[in-house]
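The following exercises are intended for a reader who meets this structure for the first time.

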Amino acid sequence: MGMRGAGWVASLSTAVWAAFSPSPALANYKIGFVTSLSGPASSIGVPYSRGIAAAKMYMSEIGGEPVDVIQLDDASDPSAATRDARKLVEEDKVDVLIGTASAPSSIAMVAVANELKVPFLAVSPISAPVADDGQRWALCVPQPPPLMFKIVTDRIKRDGVKTLGFIGYSDSWGDFVYKGAKAAEAAGDLTIVANERYARTDTSVTGQVLKVVASHPDGVLDGGSGTQGALPLLGLAERGYKGKIYGTPAVVNADFVRVGGKAVEGILASGGPVLVAEQLPDTHYAKKLSLEFRAAHLAANGVPSTDSFAPYAFDAWLIFADAAQRAKAKATPGTPEFHAALRDALFSVKELAGTQGIYNFTAASPYGVDERSLVLVRLVNGAWQYVP
């Protein structure tokens, strides 16, 4: 496709209104985007904002019609995410919601989408229940957590790790990661010897780290994300832990690497192929598009993309664009009829290649990717390297 349209740089402010001047004859598409530009989830939320800016740079029109974006900051607070989503639908009349940077806030947005009958593209991996009418209004762009963890736990088994310590968030994301480790334990691949939790707002995890070290695990699985995901590994390094360390796509971002420094070197994590685009073979579905995404990201934001979060927001835009063109044949954007047609179109997306996977959605599940969506990466000298 190549980059199209005028540039658009997302301002890191509480609310951003970015619009191209429409022709009166055209019905603009409206995207309501919520992310965390402040608070503990901002190390993830800011990259999401940059991903939307890259998408706007890459594809400013859908089928020749402009796209308006209204961006709000939920300040890493689920109650604010609820208010933001409700405002975007009820006052700003958006066609679709996209967001946000934490699982609890994303789950809050699902409830609004289900109530107000507006499609929601979650860029955090969550459980997305159906609405009271039995319809599914939310889908998830990221890889499903069990898939994220299976590729890691398969590698843990290959590495000969028999005992695993877990330290992660005391919320739904921590639960997701722990369940992945428990599935590997149930399969007989390893034994979990520690399950320690901490809050996203904690500044110290000394007690939890001491308990993990005391269990003498062969390896440790990090169930945190972004900046806060580095906290346990800093503690382990301080206590001289020499075992292997593992993570999920949630730790693959620049702030994790910057804050963790030497303590996070060597971590093995799963992630989308976009992370190592230049290292992929030319025949890989994600290589060309991922390099185009990087160019758009740099042009829109003035900084390169080094994380796994911005590409999820970029892919959400591609998924919406694919569905919106088909929905528009049935209804006019900005109407309840378009919302219903868009929902149907979203859940019939087929073999759509993105930077993070090939998307196939059905109403049976909120997730739409398979094992083609993941690779293993290792942090070497502060950069992520492809591990075939």
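Helices (H or I, at least four residues) and strands (E, at least two) are DSSP runs, numbered from the N terminus. The model used throughout is predicted.

**Exercise 1. Determine where K242 is found and whether K242 is buried or exposed.**

Step 1. K242 belongs to the loop between α7 (226-238) and β11 (244-247).

Step 2. The relative accessible area of K242 is 78%. Exposed means over 50%, so K242 is exposed.

Step 3. Along the chain, K242 and N253 are 11 residues apart, and 23 Å separates their C-alpha atoms.

**Exercise 2. Describe the surroundings of A254.**

Step 1. A254 lies in helix α8, which covers residues 254-260.

Step 2. With a relative accessible area of 39%, A254 is partly exposed.

Step 3. When residues up to four places away in sequence are not counted, A254 touches T306 and D307.

Step 4. A254 and P47 are 207 residues apart in sequence, yet their C-alpha atoms are 9.4 Å apart in space.

**Exercise 3. Compare the span of helix α9 with the expected value, and state what its buried residues pack against.**

Step 1. Helix α9 comprises residues 287-301, a total of 15 residues.

Step 2. From first C-alpha to last, α9 reaches 21 Å, close to the 21 Å expected at 1.5 Å a residue.

Step 3. The buried residues of α9 include L289, F293, A296, H297 and A300. An α-helix has 3.6 residues a turn, so residues three or four places apart point the same way.

Step 4. The buried residues of α9 pack against α1 (42-58), α10 (310-327) and β13 (352-353).

Step 5. G302 follows α9 and has a positive phi, near 75 degrees.

**Exercise 4. Identify the residues with the most contacts inside the largest nonpolar core.**

Step 1. The largest nonpolar core has 125 residues.

Step 2. Those with the most contacts inside it are Y48, L121, W173, I319, F320 and L342. The largest share of this core, 13 residues, comes from α10.

Step 3. Leaving aside neighbours within four places in sequence, F320 is in contact with Y29, I31, I62, V96, L121, L342 and L346.

Step 4. F320 also takes part in a cluster with Y29 and F338, linked by ring pairs.

**Exercise 5. Classify the aromatic pair formed by Y359 and F361.**

Step 1. The count of aromatic pairs in the model is 10. In the pair of Y359 and F361, the ring centres lie 6.0 Å apart and the planes are at 10 degrees.

Step 2. Planes under 30 degrees apart count as stacked, and the pair of Y359 and F361 is therefore stacked.

Step 3. Y359 is buried, at 1% relative accessibility, and F361 is buried at 0%.

**Exercise 6. Examine the backbone at T100, E351 and N381.**

Step 1. Most residues other than glycine have a negative phi, and most peptide bonds are trans.

Step 2. G99 and T100 are joined by a cis peptide bond, with omega about -25 degrees. T100 lies in the loop between β5 (96-99) and α3.

Step 3. E351, a residue other than glycine, has a positive phi near 45 degrees. E351 lies in the loop between α11 (336-346) and β13 and is partly exposed at 48% relative accessibility.

Step 4. N381 is not a glycine either, and its phi is positive, about 50 degrees. N381 occupies the loop between β15 (375-380) and β16 (383-387) and is exposed, with a relative accessible area of 72%.

Key: Residues are numbered from 1 along each chain as its sequence is written. This is a predicted model: local features need pLDDT of at least 70, side-chain atom pairs count only at pLDDT 80 or more; totals for chains, interfaces and linings use all residues. Side-chain values use heavy atoms; hydrogens and water are left out. Rings of Phe, Tyr and Trp (its six-membered ring) pair if their centres lie within 6.5 Å; planes under 30 degrees apart count as stacked, over 60 as edge-to-face and the rest as tilted. Buried means under 20% relative accessible area, exposed over 50%, partly exposed in between (1.4 Å probe, protein chains only). The expected span of a helix is 1.5 Å times one less than its number of residues. Contact means heavy atoms within 4.5 Å. A nonpolar core is a set of buried Ala, Val, Leu, Ile, Met, Phe, Trp, Tyr and Cys residues joined through side-chain atoms within 4.5 Å.
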